[in-house]
Amino acid sequence: MNRKKGRNHSVYNKMLKDIELTNFLSPNVQTVDLNTELAINEKILKEIFQNCSDIVFRPIQIYGETKLLLIYIDGLSDTKTLDEVVLKPMMFEGLPVGLGKVSTFEQVIEQQLVAISQVKKTSKVKDVADGIIKGSIAILVVEESRALIADLKGFEKRGVEEPSAETSVRGPRDGFTENLRTNTSLVRRRLRSAKLKMESITVGEVSQTDVVIAYIDGIASNTVLEEVRKRIRRIQIDGVIESSYIEEFIEDSTWSPFPQVQNSERPDVICSSLLEGKVAIFVDNTPFVLVVPMTFWSGLQAADDYYERSIYTTFVRFIRYSLFNIALLLPSLYVAVIAYHPQLIPTTLLISIAAAREGVPFPTVVETLLMELMFEGLREAGIRLPKPIGSAVSIVGALVIGQAAVQAGIVSAPVVIVVATTGIASFAIPRYNLGTSYRFLRFPMLILAGTLGLYGIIFGIFLMIIHLLGLRSFGVPYMSPVSPLIPENLKDVFIRVPRWSMTYRPAFISGADKKRVALRSTTLSPKPGDQTNE
């Protein structure tokens, strides 16, 4: 017997040499099984987690003998619950007696004699190490070759708050957090259907980040869904810290200035996207959830558009689209008209602008570029500074620098007005990433306007339209339903018709179930002057 145990020790000592903390997912470790000797299992796991001061190895004695070994990460596991519902009763009362004879701790779990809701049994060292890393507690029992992985995660997390980047006047006030299960539960609260599916994938060889693909069965397109699965599964990276890591791997055109993956930290936005047939991608440790496919028009839609009456929403959309064009074209038009086509300006206005520009040493295109760069610098500084002083520095800096530059004769007052108006218009775009792309495109449009005038602007617009028409997001045309034209889906693009009139889901996104609202019956609503029976 001792000779056999000695051979067993030598075999596992050899296995320990193949185990490295930096690569415990290697095939060598995947083949290592747990041993019935608790000391050998402890040695293997201590070798894997060497130099990890936050890994706790806690032996538990029952009736004066070491019977259990608990392994967990300090700060990620709920040790208080473990002490109260498992360890304290067993250390003082012994193994509990259930409906039958209990001889092992595994039987205690199987007969549910202790209050641990989710427990997984495994005989692989790799599974034990993975469970510990993810915040579970590994329970190793003497003379048993299988370990129990108890799901008792208990790390600190931020509470549900209103998202600061996507505020709305009317609508829900809850937002996603950095906890994956909290985020999925916020969606489950709104979509209480078994058709809502959530598939889990682990991405990142070192970070082992949990990624969840959410969709509604029958509503989401199977083609898009399969493409999402394929693109995420082929990601090979050491760690995923935020959902932007996933976004860069799965987008269609990396070098396009336009975003092809939508992100949001509002549960109501994600739910409405799922009901349209889109696919949501949740990533652990970030409040931003990805939505695919994305279209150009969805980047111009805000949550408030669906909580206000349709007639008001349509009016606001016309204003938003006008500001959207101003954000891109106003500086370029100013430069082109002043430098190349002054005959297009009324005489009185032209005289006023000429008087304001008297003494300015730079050409119009140069002073406009300088002011645009200064505005972007102030915006970036306002973001990086602490919140209590960030907004104050941005406003005061813009006023002081702009006024001083005009008085010093470095730039003209009309340029300051144009740049300030452009900046305000760019912040009216609901999606931050789409607004960023248009702030970026202002600079090449300015250069084209400064070299070719209005012809340069027209040339730049043509290039942008050609690029947008050829862009796709997971196989869906970026400009749909305008190009290709789908008249039925135009009810929520330039205008928003009443909700009862949006009968069908977007045809270019949804799957088999395309009907969203039953046809409105004229008999459902009483006519003016009709009286209802009491």
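Modeller: Helix α10, residues 267-276, is followed by G277, whose phi is positive, near 110°. Helices here are DSSP runs of H or I with at least four residues and strands are runs of E with at least two, numbered from the N terminus. The model is predicted, so local features need pLDDT of at least 70 and side-chain atom pairs count only at pLDDT 80 or more, while totals for chains, interfaces and linings use all residues. Residues are numbered from 1 along each chain as its sequence is written, and side-chain values use heavy atoms, with hydrogens and water left out.

Colleague: Why does C271 count as buried, and why does C52 count as partly exposed?

Modeller: Buried means under 20% relative accessible area, exposed means over 50%, and partly exposed lies in between, with a 1.4 Å probe and protein chains only. C271 has 5% relative accessibility and therefore counts as buried. C52, at 23%, therefore counts as partly exposed.

Colleague: What makes α10 mostly covered?

Modeller: Eight of the 10 residues of α10 are buried, among them P267, V269, I270 and L274. The cover over these buried residues includes α7, β6, β7, β8, β9 and β10, where contact means heavy atoms within 4.5 Å.

Colleague: How many disulfides does the rule give?

Modeller: A disulfide is a pair of cysteine sulfur atoms within 2.5 Å. By this rule the count is zero.

Colleague: How do you know that both faces of β9 are covered?

Modeller: In a regular strand the side chains alternate between the two faces of the sheet. In β9, V279, I281 and V283 lie on one side and A280 and F282 on the other, and all are buried.

Colleague: Which strands pair with β9?

Modeller: Two strands pair if DSSP finds at least two bridges between them. β7 and β9 have four bridges, in the antiparallel sense, and three bridges join β9 to β10, also antiparallel. I281 in β9 stands opposite I213, and its bridge partner in β10 is L290. β9 and β10 form a hairpin with five residues between them, and N285 in the turn has a positive phi of about 75°.

Colleague: What makes the nonpolar surface patch?

Modeller: I311, Y312, F315 and I319 make this patch of about 440 Å². F315 is in helix α11, residues 310-339. Patch residues have over 30% relative accessible area and no salt bridge, with like charges joined within 9 Å and nonpolar side chains (Val, Leu, Ile, Met, Phe, Trp, Tyr) within 5 Å. A salt bridge is a side-chain nitrogen of Lys or Arg within 4 Å of a carboxyl oxygen of Asp or Glu.

Terms used
Areas by Shrake-Rupley, 256 points an atom, 1.4 Å probe, with all protein chains shown as cover.
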